[in-house]
Amino acid sequence: MTIQNNNEHEIKHNFIAGEWRNSSNHIQNINPSDTNDVIASYSIATKDDVEDAVLAAMSALPAWSSSTSGERFDILDAIGTEIIQRKDELGDLLAREEGKTLKEAVAEAHRAGSLFKFFAAEVYRSHTEGYRSLREGISLQVQREPIGVVAAITPWNFPLAIPAWKIAPALAYGNTVVFKPSELVCGSAWALAEIISRAGLPDGVFNLLMGQGSETGAAIVEHPNVAGVTFTGSSDIGRKIGASVFARGGKIQLEMGGKNPLIVLDDADLDKAVEYAINGAFFSCGQRCTASSRLIVTKNIHDSFVDAMSNRIELLRIGDARNPNTDIGPVVSEAQLKKNLEYLQIGLKDGAKQLTGGKQVEQATPGWYLSPALFIDAKSEMKICREEIFGPIAAVMPVNDYDEALNLANDSEFGLSAGIVTNDRLIIDHFIDNIQSGMVQINLPTAGMDFHAPITGRKNSSFGPPEKSSYCREFFTNTKVVHANYGKRLNSKKEES
Ligand code: NAD
């Protein structure tokens, strides 16, 4: 990503109050598989744009929050249908801009469409609950109301799916939206916004503001008329945003980083354990919040696991994200590549052994290619086992038994996803109850959730209600408790006597 004033490339604008609006500064978006390929330029929203978007979202709120379920369903369903119909094209753009392989990118586009359809159906579910009052003749019910203007702040690693799982429920529950995508993936965000802009929403209900987090993002989350901020991104930024939104009385939903453990026990099926570890650690170039960056392996299977991992890593085909034969695309940006290379040095300095990978790889086109790296002999106190790297780098920690493995798995400031590979049912049950993570994967990779399941974490990985599924209603709505005395009832014996 570079920022420019003059631009010879196509420029795509922000969407504010139902209109596309240009800006004097632009973000130029570059293909990480081929850095000579400029995708397009995108307008950077100014403070005035933020002001106008929030004002438009506030003005649109009374009408949208009182729209019928049918109106909301039709719009959300139409958005989902178009995304799914255009999943190959959207997936290609996503792969070109973010570096995820084509297969993963098309699947993500499909998932984004499915999320809109899920939340279209959600508008028809009951959002009012009735209770029997303690008092004769009194009706008691809890109803849901939209919270107001919602800011959706999203990261670069799922540029279609994460915006979808914030924007769709926000609209379904009657809120209006200001969407600020990551500056690295404006192409996918713009394409999504363009689809939403044609779906029939009244002006101002949905707004797109592109730009950098420290400026455009900060102006949005600090705006006093933004009622709630749903943020996905790094833990440092999330905590900072959370503190400032909390201080002004706003609502917060934070999904943040992970350092996810995958435990492999002696009785595991070796081939399956290796496939889960390869998938979890290296697919999407390790750039998933649920990536398995800590592989905790018991002693009798350790050496054969490490050998098999090393052999399997050698077979992974690194290359252009849009080549259908590619297993591992490029790292998203030069800055992320630099960060990964620094962590490789830190790992060696701290005493871990780098078994394989971790090399910049030359391809036919210039790009940010890095071969998947595996450290062995890693210890829990090493930085590579404590800090989120967010790249194709995993570390194997040898342990004696399950108890030690569980202790190491829980020895982290994060608690997003965790997995175990074993056939021992008693251990599985113990693991489910005692692992400190929001998501648990049994004989599966740590990454890869059903689209309609909630996302949630513990410790520094999450704050506030879960995302996705009906659970996210806790963030996107406020509850109102109504006790009502409607007077004399026909069937009330006491009142009749
Ligand atoms: P990031 O924290 O750098 O940025 C996330 C978003 O916040 C971007 O849109 C950015 O522009 C914006 N932002 C940055 N500073 C801001 C500020 N001061 N005010 C307002 N907005 C600001 O994260 P990233 O590098 O884009 O994404 C990678 C991170 O996202 C990783 O830590 C990963 O674990 C996390 N992630 C978490 C989940 C989850 O569900 N838990 C899912 C995907 C990614």
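This is a predicted model: local features need pLDDT of at least 70, side-chain atom pairs count only at pLDDT 80 or more; totals for chains, interfaces and linings use all residues.
Local features were taken at pLDDT of at least 70 and side-chain atom pairs at pLDDT 80 or more, whereas totals for chains, interfaces and linings use all residues. Residues are numbered from 1 along each chain as its sequence is written, and side-chain values use heavy atoms, without hydrogens and water.

Helices and strands are DSSP runs numbered from the N terminus (helices H or I, at least four residues; strands E, at least two). Helix α3 covers residues 87–98 and includes Lys87. The end C-alpha atoms of α3 are 16 Å apart. Gly99 follows α3 and has a positive phi, near 95 degrees.

Lys87 is partly exposed, because its relative accessibility is 26%. The classes are buried (under 20% relative accessible area), exposed (over 50%) and partly exposed in between, with a 1.4 Å probe and protein chains only. Beyond its neighbours within four places in sequence, Lys87 contacts Val106, Ala109 and His110 (contact: heavy atoms within 4.5 Å). The C-alpha atoms of Lys87 and His110 are 5.7 Å apart, although 23 residues separate the two in sequence. Leu90, Gly91, Leu94, Ala95, Glu97 and Glu98 are the buried residues of α3. Their cover includes β5 (26–31), β6 (34–43), α2 (69–85), α4 (102–122) and α6 (186–197).

Strand β9 (residues 149–153) is mostly covered, with 5 of its 5 residues buried. In a regular strand, side chains alternate between the two faces of the sheet. Val149, Ala151 and Ile153 point one way from β9, and Val150 and Ala152 point the other way. Strands pair if DSSP finds at least two bridges between them. β9 pairs in the parallel sense with β10 (residues 176–180) over 5 bridges. Thr176 of β10 is the bridge partner of Val149. β9 is also parallel to β12 (residues 228–232), over 4 bridges. There, Val229 is the bridge partner of Ala151.

Polar contacts are pairs of N or O atoms within 3.5 Å. A polar backbone atom of Thr154 lies 2.7 Å from a ligand oxygen atom. For Trp156, a side-chain N or O atom is 2.9 Å from an oxygen atom of the ligand. A backbone N or O atom of Gly213 is 3.3 Å from a ligand oxygen atom.

Methods. The expected span of a helix is 1.5 Å times one less than its number of residues. A polar contact is a pair of N or O atoms within 3.5 Å; within protein, one must be able to donate a hydrogen and the other to accept it, and residues adjacent in sequence count only if both atoms are side-chain atoms.
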